[in-house]
Amino acid sequence: MHITILTFGSRGDVQPYLALGVGLQQAGYNVRLAAPPPFADFIQSKGLEFMPIEGEPQAMLEGEAGQKWLENNKNNPLVVFSDYAEVVRPVLRQQFDCSLAACEGTDAIIYGFLAMVAPHIAEAANIPVFLGMLQPYTPTTAFPSVFIPPNPNLGPLYNWGSHVLMEQLFWQSFRTEINNWRQEVLGLSPWSWWGHSAASIQPILLGYSPIAVPKPSDWSLQHHVTGYWFLNEEQNWQPPSDLLDFLAAGEKPVYIGFGSMLDRCPEKTTENTIEALKRTGKRGILLKGWGGLDTKIDSDDIFTIESIPHSWLFPQMSAIVHHGGAGTTGAALRSGVPMVVTPFMADQPFWSDRMNKLGVAPSPIPHKEMTAETLARAITKVTEDERIKARSRQLGEQIRAEDGIGNTVKLIDRYLQRKPESNLVPA
């Protein structure tokens with residue numbers, strides 16, 4: 001049986017679906033993963049078939065519309081989807097067409113949040129479709145939408161309404177383009193002005209741990225919190241000798257990296273991180289990322305690197321400073337190392353708030369408010385507070401005992417009727 005996975009975005013948006021694809025392939029499925037062109041080698045190195053979805057995410061965010069979107073994300077979550085539409089609109093039709101080509105001859109589709117035409121393709125082909133999410137999705141009274149900055153508990157009605165609002169903002173931002181494409185390319189009638197709730201038309205696979213966010217009681221049986229979709233990044237990867245020498249030369253360092261987040265002032269951010277490390281007396285490993293942290297620092301106490309598998313590096317750190325992306329947050333949780341989260345945008349404030357509530361991180365430091373002083377204070381807290389360290393170790397052990405990939409494969413087997421119900425691991 002053939003499955004196509006559609007995803008779009010940065011490495012953090014692609015890697016979990018690659019991990020799931022590898023697990024499905026090992027279970028006997030033929031798997032094709034469609035993603036932005038820069039990830040072709042990465043995907044093919046894991047043995048999966050690759051198909052491109054046009055649009056280079058980093059270049060798009062570096063453009064004028066992308067910069068506007070990043071700025072508005074920080075200040076006004078209500079425009080997050082409308083401004084995102086302006087970022088992708090120049091390549092939107094190409095993305096739709098590429099998604100359709102990637103699904104040719106497939107038996108089922110799994111898609112990420114931004115691969116928005118997948119359910120329409122599945123409808124036209126009359127094949128099963130699964131929404132795969134890396135964060136909680138669809139309305140619940142338990143907590144507000146992850147795309148709205150955390151607030152004091154304003155009650156179940158507010159929580160439910162926030163999900164409906166953000167779901168509608170996303171649909172309305174792309175309704176015209178999607179409906180035109182449905183009619184012109186797929187020969188389908190347009191969806192209504194209100195669209196369709198994702199939960200009403202397909203199973204939803206939620207690729208995070210129930211330890212991080214328990215499943216709300218008002219979600220349907222179609223919602224499955226599976227556990228994280230971790231990739232075995234270390235296979236055939238060898239750390240550089242100078243990194244090994246650095247790790248062996250002193251106490252465990254602090255990791256600092258902000259992944260795919262673009263920083264308007266990378267020099268200032270680099271300066272703040274270096275000064276924070278000096279104030280704490282800690283050694284550090286800095287990851288350049290898309291934000292462009294300086295990787296030419298002349299210091300025996302700081303090691304800089306372009307990229308590195310989190311699964312290899314994080315367990316060897318004394319603390320992990322990151323932006324709060326879903327994938328990085330999961331990797332930090334699994335490592336059992338305390339973290340400091342400096343969220344930029346989108347779902348990152350949600351994850352940073354969750355980590356604080358779980359007791360593995362201090363109060364979040366919004367990236368625009370991060371200074372050498374605030375970062376140094378947070379690093380000191382997580383490296384000296386025994387309760388935070390013990391809680392991090394405890395949750396790390398629990399996360400490592402989960403099998404998110406295995407659980408998801410069993411769910412898909414059940415939905416596609418390859419195996420009986422008794423093989424399903426409850427989620």
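Among contacts in the protein chain between residues at least 6 apart in sequence, 63% join residues at least 24 apart. The model in which these contacts were computed is a predicted one, and the protein chain contains 16 helices and 12 strands. Of the 427 residues of the protein chain, 57% count as buried.

The confidence of the prediction was considered next. The mean pLDDT of the protein chain is 87, with 85% of its residues at 70 or more. Among the elements of the protein chain, α15 has the highest mean pLDDT, 98, whereas helix α3, which covers residues 57-62, has the lowest, 56. Over residues 420-427 the pLDDT is below 50, although this stretch still has 12 contacts in the model beyond near neighbours in sequence. Where pLDDT is low, the predicted coordinates should not be read in detail.

Rolling a probe the size of a water molecule over the atoms shows where empty space is left. The count comes to 4 cavities of 30 Å³ or more, and the largest cavity has a volume of about 90 Å³. This largest cavity is lined by 12 residues, of which Tyr137, Ser145, Phe147, His163 and Met166 are the closest to its centre. Helix α7, spanning residues 156-186, gives the most to the lining of the largest cavity, namely 3 residues. Sorted by class, the lining of the largest cavity consists of 8 nonpolar, 3 polar and 1 charged residues.

A pocket, unlike a cavity, is an open set of points. The second largest pocket has a volume of about 460 Å³. Its lining is made up of 23 residues, and Ala19, Phe230, Leu231, Asn232 and Ile405 lie nearest the centre of the pocket. At least two residues of the lining of the second largest pocket are supplied by each of α1 (11-26), α15 (386-400) and α16 (404-415). By class, the lining of the second largest pocket has 8 nonpolar, 8 polar and 7 charged residues.

Finally, the backbone angles of two loop residues were considered. Most residues other than glycine have a negative phi, and most peptide bonds are trans. Asn126, in the loop between α6 (118-125) and β5 (129-133), has a phi near 55°, which is a positive value in a residue other than glycine. Thr138 is placed in the loop between β5 and α7, and the phi of Thr138, near 80°, is likewise positive in a residue other than glycine.

Definitions and conventions
Residues numbered from 1 in each chain as written. Predicted model: local features only at pLDDT ≥ 70, side-chain atom pairs only at ≥ 80, totals over all residues. Heavy atoms only, no water. 1 Å grid on protein atoms, 1.4 Å probe; cavity = no way out; pocket = protein on both sides within 12 Å on 5 of 7 lines; lining within 4 Å. Points joined across faces, edges and corners; volume = space filled by probe spheres on them. Helix = DSSP H or I, 4+ residues; strand = E, 2+ residues; numbered from the N terminus. Nonpolar A, V, L, I, M, F, W, Y, C, P; charged D, E, K, R; others polar. pLDDT = per-residue confidence, 0-100. Contact = heavy atoms within 4.5 Å. Buried < 20%, exposed > 50% of the residue type's maximum accessible area, 1.4 Å probe, protein only.
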